[in-house]
Amino acid sequence: MSYGYSQRLVESIKNDTSKSLDVALGKFLLRNNIPVAEASEALGVSRMTIYNWLMGDTHPSRKNGTEIIKWMRAYKKAQRNTKEKNVPL
């Protein structure tokens with residue numbers, strides 16, 4: 001897997017069935033091929049913080065959780081808008 005995701009981390013995220021925000025973020029990053037560096041910049045946290053969340057070593061604060069949800073929604077909206085603009089007529 002590119003972008004620095006270890007196979008162990010990828011498998012851990014893919015196999016986790018919990019509904020926690022950390023897992024949702026991990027699955028979102030993998031599904032959309034988003035590098036940790038891009039996510040950390042967008043969320044205003046370090047790459048290590050993102051990795052700690054993904055590994056379950058720490059969990060996002062309430063404030064960070066709100067930012068994660070807003071960022072994921074904005075990212076999905078931007079993806080939809082891009083797809084709509086690229087539909088052939």
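Q: If contact means heavy atoms within 4.5 Å, what part of the contacts in the protein with a separation of 6 or more comes from residues 24 or more positions apart?
A: The model is predicted, and totals such as this one use all residues. Among the contacts in the protein whose separation is 6 or more, the part made by residues 24 or more positions apart is 60%.

Q: In which helix is confidence highest?
A: Over the protein as a whole, the average pLDDT is 90, and 92% of the residues score at least 70. Among the helices, confidence is lowest in helix α1, residues 7–15, where the mean is 91. The highest mean, 96, belongs to α3.

Q: What pattern does the protein follow when read along the sequence?
A: The protein holds five helices and zero strands, and its C-alpha trace spans about 50 × 30 × 25 Å along the principal axes. With helices and no strands to list, the pattern read along the sequence is α-α-α-α-α.

Q: Is Arg-8 buried or exposed?
A: Arg-8 also lies in helix α1, and its C-alpha atom is separated by 14 Å from that of Lys-27, a residue 19 positions away along the chain. The relative accessible area of Arg-8 is 62%, and the cut-off for this class is over 50%, so Arg-8 is exposed.

Q: At roughly what angle do the axes of α3 and helix α5 cross?
A: The two helices, α3 with residues 36–43 and α5 with residues 62–85, have axes that come within 10 Å. The helix α3 passes α5 in a right-handed crossing, and the angle between the axes is roughly 115°.

Q: Which residues of α5 make the contact with α3?
A: By class, the contact of α3 with α5 has six nonpolar, no polar and two charged residues. On the side of α3, the contact is made by Glu-38, Ala-39, Ala-42 and Leu-43. On the side of α5, the residues are Glu-67, Ile-68, Trp-71 and Tyr-75.

Q: With which residues is Tyr-75 in contact, leaving aside its neighbours within four places in sequence?
A: Tyr-75 is found in helix α5 and counts as buried because its relative accessibility is 19%. Once the neighbours within four places are left aside, the residues in contact with Tyr-75 are Phe-28, Asn-32, Ile-34 and Glu-38.

Q: The side chain of Ser-40 reaches the backbone oxygen of which residue?
A: Ser-40 has its place in helix α3 and counts as buried because its relative accessibility is 7%. Leaving aside its neighbours within four places in sequence, Ser-40 is in contact with Val-45, Ser-46, Arg-47 and Ile-50. At 3.0 Å, the side chain of Ser-40 reaches a backbone oxygen, which belongs to Ala-37.

Q: What value is phi of Asn-33 near?
A: Asn-33 has its place in the loop between α2, residues 21–31, and α3, and is partly exposed, with a relative accessible area of 44%. Most residues other than glycine have a negative phi. Asn-33 is a residue other than glycine with a positive phi, near 50°.

Technical notes
Residues numbered from 1 in each chain as written. Predicted model: local features only at pLDDT ≥ 70, side-chain atom pairs only at ≥ 80, totals over all residues. Heavy atoms only, no water. Helix = DSSP H or I, 4+ residues; strand = E, 2+ residues; numbered from the N terminus. Buried < 20%, exposed > 50% of the residue type's maximum accessible area, 1.4 Å probe, protein only. Polar contact = N/O pair within 3.5 Å; in protein donor to acceptor, adjacent residues only side chain to side chain. Contact = heavy atoms within 4.5 Å. pLDDT = per-residue confidence, 0-100. Axes fitted to C-alpha atoms, helices over the stretch in contact; angles between N-to-C directions. Left-handed = near helix turned anticlockwise from the far one by under 90°. Nonpolar A, V, L, I, M, F, W, Y, C, P; charged D, E, K, R; others polar.
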